[in-house]
Amino acid sequence: MTPLLAHDRYCDEIDHQVGLLRSVVTSGADLSGTVPTCPEWSLEDLVRHMGGALRWVEFIVRTRADAEVPEERVPGLAGPGARGDAAVLDAWLAESGERVVAALREAGPDTKVWGWAGVLDTGFWARRVTHEITVHRADATLAAGLPYEVAPEVAADAIDEWLQIVEYVQRTVPHDAARELRGPGRSIHLHATDTGPEVNAEWLVELTEDGVAWRRGHRKATVALRGPLTSVLLAFYRRLPLDAPELEVLGEREVLEFWLERATFG
């Protein structure tokens, strides 16, 4: 999985995203309210999940783990004992972010550690954490009714990484949904309408008999999803409905829906 951004840029973005997620926690939003895009979670559950994930990755990187680490081995992963206290939750999240960023910066991108997608270095985790928190911040922000923005280069790399994860699952994991994505003659074009050529925010995704193949660039496809890059990202991650007013679906919509129903692993 070739990253688009430099290691330090990922570390900076994790720090930035943690700060933005903290601002949701302290915004006065109802921590007990349901997150519409993750309805099994309350807003506090989502924040605890994300903070715990940061601490889990920090432990993997700091200890140079060569195998998956059980969550129960990670100190402080579950978060504060008391629920409903925004200040306490915010402080725990801040510390979680500081820990993982410090560990990733100290390790650099090339230190060997365990990873779940076939990339066994700390660079994988810097990239994965960046996009994990970028998307979960969208969950939190949308739940709180607050505006959501993300840097174009981060949004574009998040789409790249997700496509690479789909490729990896198809190659290595016996997964019915992944197998169902195979087949000839179907393709998806993603087209951001608000970015310049320096971002190159267009993708062609082909569903072939040999598996998913994709590349950046413009080409006619079975179906096209067009809109602002942030909206395309959120729709591709199933955080925004295809009927959102800023999005346009051209061609065979059912092909895009077929993809979204099945590319839900990772």
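Buried, in this talk, means under 20% relative accessible area. Keep that cut-off in mind. The model is predicted.

Rings come up here. A pair of aromatic rings is described by the distance of the centres and the angle of the planes. This structure has 7 aromatic pairs. Take Trp116 and Phe124. Their rings sit edge-to-face, with 5.7 Å between centres and 85° between planes. Is Phe124 buried or exposed? Phe124 has 5% relative accessibility, so Phe124 counts as buried. Trp116 has a relative accessible area of 26%, so Trp116 is partly exposed.

Next, Phe236 and Trp259. This pair is stacked: 5.7 Å centre to centre, 15° between the planes. Phe236 and Trp259 are both buried.

Back to Trp116 and Phe124. Both belong to a cluster linked by ring pairs.

Now charges. How many salt bridges does the structure hold? The count is 20.

Start in helix 1, residues 7–25. Arg9 and Glu13 both lie there, 4 residues apart, about one turn of the helix. Their side chains meet in a salt bridge at 2.7 Å, N to O. Arg9 is at 23% relative accessibility, so Arg9 counts as partly exposed. Glu13 is at 5%, so Glu13 is buried.

Helix 2, residues 43–63, holds Glu58 and Arg62, again 4 residues apart, about one turn of the helix. Here the salt bridge is 2.6 Å, N to O. Arg62 counts as partly exposed because its relative accessibility is 44%. Glu58 counts as buried because its relative accessibility is 7%.

Third, Asp160 and Arg216. Their side chains meet in a salt bridge of 3.0 Å, N to O. Which elements does this pair connect? Asp160 is in helix 5, residues 152–172, and Arg216 is in strand 5, residues 211–216. The two residues are 56 apart, and the pair links distant parts of the chain. Why does Asp160 count as buried? Its relative accessible area is 8%, so Asp160 falls on the buried side. Arg216, with 21%, is partly exposed.

One last point on Arg9 and Glu13. Salt bridges with shared partners join Arg9, Glu13 and Glu153 into one network.

How values were computed
Residues numbered from 1 in each chain as written. Predicted model: local features only at pLDDT ≥ 70, side-chain atom pairs only at ≥ 80, totals over all residues. Heavy atoms only, no water. Phe/Tyr/Trp six-rings, centres within 6.5 Å; stacked < 30°, edge-to-face > 60°. Buried < 20%, exposed > 50% of the residue type's maximum accessible area, 1.4 Å probe, protein only. Salt bridge = Lys/Arg side-chain N within 4 Å of Asp/Glu carboxyl O.
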